[in-house]
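Subject: Structure for you to look at

Hello,

Here is the structure I said I would pass on. Please open it and keep it beside this email while you read.

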There are 2 protein chains.
Amino acid sequence: MSEPTNLGYALLGLVHQGPKSGYDLRKVMAETALGNYSSSPGAIYPALARLEKEGLVIGKEDRSTSLRPKKVYRPSAKGRKVFTAWLSREVTGDDVNRHLDELMLRFAFHDVLDDRAATHRFLKELARQLQVFVTELKSQRQRMSASMPLQSRLALEAGIEQASASLRWARKALRYFRDERAEE
Amino acid sequence: MSEPTNLGYALLGLVHQGPKSGYDLRKVMAETALGNYSSSPGAIYPALARLEKEGLVIGKEDRSTSLRPKKVYRPSAKGRKVFTAWLSREVTGDDVNRHLDELMLRFAFHDVLDDRAATHRFLKELARQLQVFVTELKSQRQRMSASMPLQSRLALEAGIEQASASLRWARKALRYFRDERAEE
DNA sequence: TCGCACATGTAACGTGTTACATGATTCA
DNA sequence: TGAATCATGTAACACGTTACATGTGCGA
């Protein structure tokens, strides 16, 4: 029915790396940068329940250890399809502007695609859109900096620096996914 | 009763720059980087209503132009106090990790404080915490990069680059707020 | 036996998103 | 007269936060 949230996609991505229980997932979320998408039980467990209800993951009770039975999740065929479709989505200007975190999340799981050309395209488009974004921010600075207090101007500067850093990163990352046949 | 959200603080900050209607605020939000905190009427108008209910802003009907009366907001004394208290809050490690956006929002409005020493302290602490954060990310990279797919490793790298860019920016910005008497 | 890590959930709450609704004023 | 802009809102909905609840197995 409805689309997973970023948290949902993060969880779906993690179970692609091997079957995991809710508790396992919580730990990974808490210990890595993925923690930005929350690691609290009040978010994780309902998110898993939603993924299961939508048929994107399959949960199996596991009593192998005599512990309280834990539920281990793995992606379903549909889950794999939805996930790779998400990974393969076009990179839009709006994404770069407002949802850069989601783009980075997608990139972090791009190995699931196992398609160097697709990742190359992703980074290429990301770099292009970041370039546009940086240019926009700079023209905003030019237009408005005279009328802004020093602090606001510097805050805008911070945005420019961060976006520029992302752009440099994307260009550097591109080198790792250059296609074998020189493709441009 | 309850604390304003980032959107609430953004609006409260904007009315410090001069009385503004909901529509004015929507325009500013839509046209600037503040747009990250939403510019949709379904967010702005309820947020303003909350600020008014909490006594942080005062809304006045304005019929000066014969238009449909528009409501113009300005901060109350309490609103100014709450706002400056927010601006003056300590910079914590958790903030840097998960709420860097809020820190930048606070900095962008720091001119309201009109206190160079306070802004200097803010940036100093921000730089310190960013340094800690970058170090943490780098040690995470060291510990885990061997077991991660190339893409995840690069995504972590992106986080490091962004945080480093913020750190460089904070150090540069510090120079603008050096206290007159050399204070360290 | 005491506390900690393991393990899974629920309930209330606030808020942002999307979509809808309404109406005045200005200009072509 | 019709469209664009000014101007303010409401309602349904989904989701994350916080806090709570419950119980197991293990090591000191």
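Below is what was found in it, starting with one chain, then the contact between the chains, then a few single residues.

Please keep in mind that this is a predicted model.

Chain A as a whole

Chain A holds 8 helices and 3 strands. Read from the N terminus, its elements come in the order α-β-α-α-β-β-α-α-α-α-α. The C-alpha trace of chain A extends over about 65 × 45 × 30 Å along its principal axes. Of the 184 residues in chain A, 46% are buried. If you take the contacts in chain A between residues at least 6 apart in sequence, 57% of them link residues at least 24 apart.

The sheet

To find the pairing in the model, start with β1(A), which is joined by 2 bridges to strand β3 (residues 70–75) of chain A. One bridge to look for is that of Lys20(A), whose partner in β3(A) is Tyr73(A).

Strand β1 (residues 20–21) of chain B pairs with strand β3 (residues 70–75) of chain B over 2 bridges, in the antiparallel sense. There, Lys20(B) is opposite Tyr73(B) in β3(B). Strand β2 (residues 57–62) of chain B is also antiparallel to β3(B), and 6 bridges join the two. Glu61(B) has Lys71(B) as its bridge partner in β3(B).

Where the two chains meet

Next, the contact between the chains. It involves 33 residues from chain A and 33 residues from chain B. The size of an interface is often given as the accessible area lost when the parts come together. Between chain A and chain B this buried area is about 2800 Å², and carbon and sulfur atoms account for 62% of it. Which three residues supply more of the area that chain A buries against chain B than any other three? They are Gln151(A), Leu154(A) and Gln162(A), which supply 20% of that area.

How many salt bridges are counted between chain A and chain B? The count is 0. For polar contacts, the count between the two chains is 6 residue pairs, with both residues at pLDDT 80 or more.

On the chain A side, the elements that give two or more residues to the contact with chain B are α5 (93–98), α6 (100–108), α7 (116–144) and α8 (150–174). Of these, α8(A) gives the most, with 15 residues. Sorted by class, the side of chain A that touches chain B consists of 15 nonpolar, 11 polar and 7 charged residues.

Is Ser166(A) buried or exposed? Its relative accessibility is 6%, so Ser166(A) counts as buried. Apart from neighbours within four places in sequence, Ser166(A) is in contact with Leu100(A), Leu130(A) and Gln162(B).

Single residues to check

Most residues other than glycine have a negative phi. Asp114(A) is not a glycine, yet its phi is positive, at about 50 degrees. Asp114(A) sits in the loop between α6 and α7 of chain A. Its relative accessibility is 70%, so Asp114(A) counts as exposed.

In chain B, Asp114(B) also has a positive phi, near 50 degrees. Asp114(B) belongs to the loop between α6 (100–108) and α7 (116–144) of chain B. At 69% relative accessibility, Asp114(B) counts as exposed.

Lys53(B) is exposed, because its relative accessibility is 70% and the cut-off for exposed is over 50%. What separates Lys53(B) from Met1(B) in sequence and in space? The two are 52 residues apart in sequence, and their C-alpha atoms are 9.6 Å apart.

Regards

Definitions and conventions: Residues are numbered from 1 along each chain as its sequence is written. Chains are lettered from A and ligands numbered from 1 in the order in which they are written. This is a predicted model: local features need pLDDT of at least 70, side-chain atom pairs count only at pLDDT 80 or more; totals for chains, interfaces and linings use all residues. Side-chain values use heavy atoms; hydrogens and water are left out. Two strands pair if DSSP finds at least two bridges between them. Helices (H or I, at least four residues) and strands (E, at least two) are DSSP runs, numbered from the N terminus. Contact means heavy atoms within 4.5 Å. Buried area is the accessible area (1.4 Å probe) that two parts lose on being put together, summed over both. A salt bridge is a side-chain nitrogen of Lys or Arg within 4 Å of a carboxyl oxygen of Asp or Glu. A polar contact is a pair of N or O atoms within 3.5 Å; within protein, one must be able to donate a hydrogen and the other to accept it, and residues adjacent in sequence count only if both atoms are side-chain atoms. Ala, Val, Leu, Ile, Met, Phe, Trp, Tyr, Cys and Pro count as nonpolar, Asp, Glu, Lys and Arg as charged, and the others, Gly among them, as polar. Buried means under 20% relative accessible area, exposed over 50%, partly exposed in between (1.4 Å probe, protein chains only).
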